[in-house]
Amino acid sequence: MFLGYFNERPYQDRDAEWYKHFGGLQDLSLSNGVYKPEIGAELYNRYFDEKLVVEQMGFDGVMLNAHHDTPFCMGGGAMNLEAAVLARITEKLKIVLLGNVLPIWDDPLWLVEELATIDLISRGRLVSGFVRGTGRESIAHNAQSPYNWERFQEAHDFIVKAWTTPGPFRWEGTHYQYRYVNPWMRPYTQPHPPIWIPGILSRSTVAFAAQHRYPYIMLDSQLDLTAQAFDVYREQARLNGFEAGTQHLGYMFKVHVDETEELAYETGRKMIEGAGNLFLDGSNGRPNPHAQNLPGLNTRGPGNQLPTAAYVAVRTARGVAGTEAGKKPPAERGPARTPEEHDARRREIFDGILARYACVVGTPDSVIPKIRHVLETLRPGSLIFWHGDGDFTHEDTMRGLRLMGRYVVPAVREMAKELELYSPFEIDPSTNLPVPQPLA
Amino acid sequence: MNVHADAIPLQGDVTVGGLLLAADIAGSGEPVVVIHHSTGPLWTPYLELLAQTNQVVAPHLAGFGRSQRPSDARAPSDLAVLAMQQLDALDLGPVAVVGLGFGGWVAAEMAAMYQRRLASLTLVGAAGLKPAEGFIHDPMMTAFDAYVRQGFANQDRFDALFGATPADDVIELWDFSREMTARLTWKQWMWSISLPTLVRGVRIPAQVIWGGDDRIVPLECGYHYAELLGGAPLHLVADAGHNVDLEQPEQLARLTVDLRSIARS
């Protein structure tokens, strides 16, 4: 089992009016004029400090991501820099980038160089995930959306070739052209760093991952639909002549552990407060549907969608599902009339998220069986806890991390052993053969 | 959608370069070729009016409407080449060409390529030139109908044509057309760095027509086109936005036919 830790490094400014009223804020509508550099500096360093604790608590890795032009993720344009810092200040953690948005890079040779450098500084601890990105990322770096999928595939092929083929060579592709490819640094990991593919929606992405025998990581969905999406990977694996194992499948979901059930609930629900991801189930914010759905970015109609697409519709509607039967969803009831009514609605939304196992909260005693249910249902070889996000304070995060380290991480390892859930670092996904382990 | 006339235009579909390229054809008389907006081909009252005096040929540009998509097309000039070959395949002689908005850019490219193929050129709110001030409106973060509404000076006319909530097939056309447009012009958005030099040599009869309230392509682009085309007349149409053809079809039809007369004489 690979056990990872993730959050989006939200930009938190509790005194700012926009932060207090993040509810209703539409994606790509907040000017960076509100950005306070002193807060940015504090938060980047806080999140690095927390990663050091993640390592102490026995996690195997940290996952980073990148969303641009938004307070909900400070990794936009910074993710690879953060990874480079982590490569130097941590000792054992895998640094899992899920991932670089390939189509928005006009010059992927930069990625070849940067990622190889991170792998070198960390002495082989980089996991290089690649994503297509949603429309907002194409807007941010002005990538031509109809060619998103073509650019993703070509950039991937180019990067792998540049990592694995001694230069110099020439590349005359459809979207990228180089007359001299000869990056001086080569990855520490040979033939190249592990590549993982995260996703939520697209069957093409699952098919691509299976075609290359790359692990597929389902990001923040719900249990039943994720199980169905994993079946799609297994089918694709068979079409490509191999049986998918636990080493090919990963699941990232929200977890918070605290000292009491009440504290776990009250703190855990901060995951959907503050400047949380606009696409999270229960988020206060609103995606821009037209920026998300740029021309040619996604195949129209349901043909290319995974079962989890149904859940994204739920998330877009902010907690439409999971509410009491026969009762209008909170997002459709008009503005709350009192703070108490608003609070009650937010709790109702969070309860729905808990019911769908998109998040588990509790004391160690109550959380561990819930995680076991996830492991038994999905049989993932990689599990990534999403924690310390939204409106979490440093103290909230530290309380959860310490309890995870003391109780949850060891318990997950035991359960994974019993359930024979092997990670890509134990069973090589490209061969399905055991990976030689270093002597203890 | 109320813009369809009772008389269904004929379909002049031909195969060019292995692609099926469609055209709607109606009326008789001297041919006028009308190149549609980036939102795609629609049979509109403007075309109906023109068809009363002329043979109207309304091609569906490659990748739009019923025409097949050339997956390797990368610029409006590519569509202009295909449109010229489409005119050959339709066996049309020198023709009056009218370009609407994005279609104006394609028409300008056609004229720059081989002006003898054109009897005259009418550019209506044409894209293709970089404004010195401001920008050509970018629809990518807005709803399809919001973009089309932006092209109307009077929103009641939009409602009259498309309804307050446009029909699914119209939205689908706008969605499909936006994708093709995005394949051709993304950056730079709606302008070509080389077009001024290419158009400056065009000396066929030409006119430039602009809606007085065009909020899509700045009017200064109209003046620039008029200057490049050797001092071509610039007609400002009052009470019209970018979609002059949809808001003032009678006036635009009259101006179109007038230029045909000038060109003939």
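In this predicted model, the contact between the two chains is formed by twelve residues of chain A and ten residues of chain B. On the side of chain A that touches chain B, six residues are nonpolar and six are polar, while charged residues are absent.

Within chain B, eight strands make up an open sheet with mixed pairing, arranged in the order β1-β4-β6-β5-β7-β8-β9-β10. The edges of this sheet are taken by β1 (10–11) and β10 (234–237) of chain B, and because each has a single partner strand, one side of each is left without a neighbour in the sheet. Further along the order given above, strand β8 (residues 118–124) of chain B runs parallel to strand β9 (residues 206–211) of chain B, the two being joined by four bridges; T122(B) is placed opposite Q207(B) in β9(B). Across β8, β9 and β10 of chain B lies helix α8 (residues 219–228) of chain B, which runs at about 175° to β9(B).

When residues up to four places away in sequence are left aside, I427(A) touches G245(A), Q247(A), Y422(A), N432(A), P434(A) and V435(A). The C-alpha atoms of I427(A) and T246(A) lie 8.6 Å apart in space, although 181 residues separate the two in sequence.

Notes:
Residues numbered from 1 in each chain as written. Chains lettered and ligands numbered in written order. Predicted model: local features only at pLDDT ≥ 70, side-chain atom pairs only at ≥ 80, totals over all residues. Contact = placed C-beta atoms within 7 Å. Nonpolar A, V, L, I, M, F, W, Y, C, P; charged D, E, K, R; others polar. Pairing = 2+ DSSP bridges. Axes fitted to C-alpha atoms, helices over the stretch in contact; angles between N-to-C directions.
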